[in-house]
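Try each task before you read its solution.

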Amino acid sequence: MSEEEQPEPDAPAGTDEEETARAELFGTWSVTDIEYTDPSTERYITVTPIAHTMGRHADKQFKKSEISVVERLINRLMQTDENTGKKQLATSIVQDAFDIVHERTEENPVQVLVRAVENSAPREETVRLKYGGISVPKAVDVAPQRRVDQALKYLSEGVYGSTYKTTTSAAEALAQQLIGAANDDVQTYAVNQKEEKERVAAAAR
C-alpha cells in the first residue's frame, strides 16, 4: 500500500461515506433514503447503521444528537431499575420490535421510528414563573433537541406501562407504540402525552 493510500492514523474507523451507505442497521434495515416531515427536528434525529457507540459522546455537551436515534431509544429502554445496564437485552428487544413493525406495516422500521419520534415530540410546554411568591404557568416553545428527548421518553414509558404486570412482551409493546405513534394515533401513550402537554400549554398562553 502506497503512502497516499494509507488511512489517517487518527481517523475513526467506519467513517467512510461509501461504507456507511452500504451498511445496514442490524444487518437488515437500510438507513438511507429516510424521509423527514419535520424540518425543526431533522438535524437532531440521526440515523446510522451503528447501534452501539460505547458512549463515545457521553463526555461532550449536546453531542448526544450525533448518536443514532435507534441507539438513543435502546438507551432509554434501559432507564428503569430492572433493566439498568442490560444493553444487549434492550438491543434485542428493539431488533425484535423492528421485525414485528416490518411484518405489520411492510415499511422500513427505521422510517417508522423517525415518523413516531416526529409525531410524539411536543411543540409547546409550560414553565412556572414566580411573581411575588405566586407561581404562574407560562407557555413556551420547546427546543428541537428537547422535543426529540421528550418523544423518546414517552415511547419508552409507553413500553414500560404496557408490559408492567402484563403478558405483553417488550418487543410487542414497542412495536405497538411505534406503529401507533407513526400513525399519529392519539390512543398511543406517546402521542397522548404530547397532546396533553400541548393542551396544558395552550391553556397557559
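From the N terminus on, the elements run α-β-β-α-α-α-β-β-α-α-α. The model is predicted, so local features need pLDDT of at least 70 and side-chain atom pairs pLDDT 80 or more, while totals for chains, interfaces and linings use all residues. Residues are numbered from 1 along each chain as its sequence is written, and side-chain values use heavy atoms, without hydrogens and water.

**Exercise 1.** Count the helices and strands in the chain.

Solution. Helices (H or I, at least four residues) and strands (E, at least two) are DSSP runs, numbered from the N terminus. The chain has 7 helices and 4 strands.

**Exercise 2.** Find what share of the residues in the chain is buried.

Solution. Buried means under 20% relative accessible area, exposed over 50%, and partly exposed in between (1.4 Å probe, protein chains only). Of the 205 residues, 40% are buried.

**Exercise 3.** Work out how α3 and α4 are oriented to each other.

Solution. Start with the ranges: α3 covers residues 87-105 and α4 covers residues 109-120. Next, take the axes, which are lines fitted to C-alpha atoms over the stretch in contact, with angles from 0 to 180 degrees between N-to-C directions. They come within 9 Å and cross at roughly 95 degrees. Angles under 35 degrees count as roughly parallel, over 145 as roughly antiparallel, 65 to 115 as roughly perpendicular and the rest as oblique. α3 and α4 are therefore roughly perpendicular. Phe98, Val101, His102 and Thr105 of α3 make the contact (heavy atoms within 4.5 Å) with Pro109, Val110, Val112 and Leu113 of α4.

**Exercise 4.** Locate the loop residues Phe26 and Asp184, and give the phi of Phe26 and of Asp184.

Solution. Phe26 sits in the loop between β1 (24-25) and β2 (29-30). Its phi is near 55 degrees, a positive value in a residue other than glycine. Asp184 lies in the loop between α6 (170-182) and α7 (189-203). The phi of Asp184 is also positive, near 55 degrees. Most residues other than glycine have a negative phi. Asp184 counts as partly exposed because its relative accessibility is 42%.

**Exercise 5.** Is Tyr131 buried or exposed? Name its strand.

Solution. Tyr131 is in strand β3. It counts as exposed because its relative accessibility is 53%.
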